[in-house]
Amino acid sequence: MEKEHLNVKNLLMYYRTRKGEVRAVDNVSFFLPRGETVAVIGESGCGKSSLARSIIRLLPRNVSIYKGIVLFNGLNLMELDEESFMKKIRWIKITYVPQAALNSLNPVLRIGDQMIEPMILHQKMQKDDALHKAANALRNIGISKEFIKSYPFELSGGMRQRVIIAMSLLTNPELMILDEPTSSLDVLTQANIMNILKNIKKDLKLSMIFITHDVSLSSELADKVAVMYAGQIVEFNDADIIYHEPRHPYSQKLMESVPTLRTDKKLSFIPGSPPSLLSPPEGCRFAERCPYAHERCSRDPPLVYIDKEFYVKCWLYERG
Amino acid sequence: MSTPLLRTERLKKYFEVKRGFIRRSKGYVRAVDGVSLTLNRGEAISIVGESGCGKTTLGKTILRLYEPIGGKIIFNNKDITYLRWKDLKWYRRETGLIQQDPFGALPSFMTTKGILQEPLIINGVKDKKERMEKIYRSLEQVRLTPIEDFIGKYPHMLSGGQQQRLVIARSIILEPKLIIADEPVSMLDASVRVEILKLLQNLQRDYKLSIIYITHDLSTTRYFSEMIYIMYAGHIVEGASTKEILKSPMHPYTKALLNVIPDPDPSNRLKVREVPAGEPPNLLSPPSGCRFNPRCINIIKGVCDSKEPPMFEVDKDHYVKCWLYDHT
Ligand SMILES: Nc1ncnc2c1ncn2[C@@H]1O[C@H](COP(=O)(O)OP(=O)(O)OP(=O)(O)O)[C@@H](O)[C@H]1O
Ligand SMILES: Nc1ncnc2c1ncn2[C@@H]1O[C@H](COP(=O)(O)OP(=O)(O)OP(=O)(O)O)[C@@H](O)[C@H]1O
Ligand code: SF4
Ligand SMILES: [Mg+2]
Ligand SMILES: [Mg+2]
């Protein structure tokens, strides 16, 4: 089992609201070998960010249930208390670029000062060493060190996002969680950031969780793909397979809705909308929209392992 | 050949920027700077470009929601560039806008019925029965059915895709000839995106609607429009049929765009893509010559950085604003 860098088993995270419990992460399992990237794809509200927050354990107050197993280097993080998690894991071994992080830089602090603060605070570095390290980190992402003295508003969106990525790497983490890192950026800027992430992945042998709603973009980084639908992973598969032969009916429909630039293809869409996470159906959550739904689908489908590692949560693949 | 529904000739719109205590003019944002394009009846064209290149400004200037400062807008053979507000009523009826940002587009305190009724009342449809007929017809056209389920709902009770269909219903309720759809799907999920684009396409075919589709997403245009215009920093830099642009892009900027847009393909992760250095210019002081010249790998020094290239017709109906294609 140790060969997996990260192994998430039966993770559950619900929010408490006035209308009831939101089952945002509902029994989710996947794994990630060291140095690889898993892309988590799925439509808005399916629970991608909630999954990220559950792994790095940055949870809002209204969480009602949070349980399962998160093995990181073989260690179950769920058994760590908050203090050791903070000291050893969060921002240190596991780092996180949250959705809409672009606006998260402090507008009145110079870039350099924001970068060195955590190093001085957490790693007890000297200021000069920290500044030196910050300049290096900026150079690695193609920003000249003069910008250390700039304020965030003096940088373009793409530069700010690059700074945020550089900042998250300052502690030499092993696992990086990226939540929609390019979603408000232009295509050329986006391509630039993807190039940087590809280099980081290669040079630093970093494992990554790459969250995006953009299926085409996910293939820029993914070695493995987890397709999420209504709080659950419905297919976990190898990148080499899933883009050409998705197995779960939802993955298939999702791929059919993705426009392509270079090949002709008949686009189709999925009528209807996903179920509410307040009271999702007991059976397969996609059943209402699934062209192959049959009577078994009114019961919760099992995870059917296609081979040792990959699975589909769908009755169609369950023999007998 | 019949005359086009819409033609712009060297259309210009600048915004004055004022600064400081006495509000002295600091200059002009040259957001739309000499744009010429043609839209035939019943046709859909796309305007594609990155954030801030002037797409929304172009759309709103065509609709006379912004006052042009130069050039011409010819609609149905009529020059409407400088018609006064009160002489433009008919033009407002014959054109419609689907605004960028659907979430701010619908008033939260009105029901579906109220939202659709408003433009009818403003445009003097006095008969209540006629108004209801039009409301029902437009809801059917955008397939917000069964109508009874939707007519009394407020926007927050609708999904993102349903809200966008309501926005479309409102824009077609006066039966316009031209719709400008400004990023109509960019806030929506992939599967809903396709649904809305197909809906617009059906309206275009069934009702001979002409559509200008504004987007930053080149990959959807292929399924939607016959012509693509690529916009960069206030200029149209290339225009051709969708097939042509995708098969043989000519402008260095178009090539760069096509080069970085991924299709879903696992081999992408092994490629590093070539991206032009730098960023689009500030439109207060765009570079002289070709506006793409500081980022262009094919730049002809002494030409591209000093003289603005004209539109060259390189092929039938394929136009490129780039000195590389000057074969005179
Ligand atoms: N703090 C919270 N309290 C209650 N419900 C929440 C909270 N945060 C998120 N949710 C709900 O949990 C569900 C999953 O949300 P999440 O943000 O994880 O989705 P997502 O897949 O990241 O969506 P997007 O693509 O739009 O970012 C949604 O229904 C959302 O409304
Ligand atoms: N009312 C205004 N006053 C001053 N400048 C403006 C105004 N509206 C737009 N601009 C400027 O004009 C340029 C073009 O803006 P526009 O909104 O047309 O771009 P766009 O291509 O629609 O961008 P996006 O893809 O982000 O919607 C930008 O530099 C913008 O800042
Ligand atoms: S005109 Fe010159 S600078 Fe502009 S795109 Fe063409 S080659 Fe590049
Ligand atoms: Mg999210
Ligand atoms: Mg715009």
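Okay, a definition to start: when I say salt bridge, I mean a side-chain nitrogen of Lys or Arg within 4 Å of a carboxyl oxygen of Asp or Glu. And keep in mind that this is a predicted model.

With that in hand, look at A:E174 and A:R34, whose side chains form a salt bridge at 3.9 Å, N to O. They sit 140 residues apart in chain A, with A:E174 in the loop between α5 and β7 and A:R34 in the loop between β2 and β3. A:E174 is partly exposed, at 21% relative accessible area.

Next, A:E36 pairs with A:K224, and here the closest N and O atoms are 2.8 Å apart. A:K224 is buried at 7%, while A:E36 is partly exposed at 22%.

Over in chain B, B:E133 and B:K129 make a salt bridge at 3.7 Å. These two are four residues apart in helix α5, about one helical turn.

How many salt bridges are there over all chains? The search finds 30. Some link up: A:K201, A:D223, A:D240 and B:R269 form a network.

Among the residues B:K60 touches are B:Y66 and B:L97.

Last stop, the magnesium ion, ligand 4: its protein donors are A:S49, through OG, and A:Q99, through OE1, at 2.0 to 2.2 Å. Those two are 50 residues apart in chain A.

Conventions
Residues numbered from 1 in each chain as written. Chains lettered and ligands numbered in written order. Predicted model: local features only at pLDDT ≥ 70, side-chain atom pairs only at ≥ 80, totals over all residues. Heavy atoms only, no water. Contact = heavy atoms within 4.5 Å. Donors = N, O, S within 2.8 Å, 3.2 Å for Na, K, Ca; no water. Buried < 20%, exposed > 50% of the residue type's maximum accessible area, 1.4 Å probe, protein only. Lists of a residue's contacts leave out its neighbours within four places in sequence.
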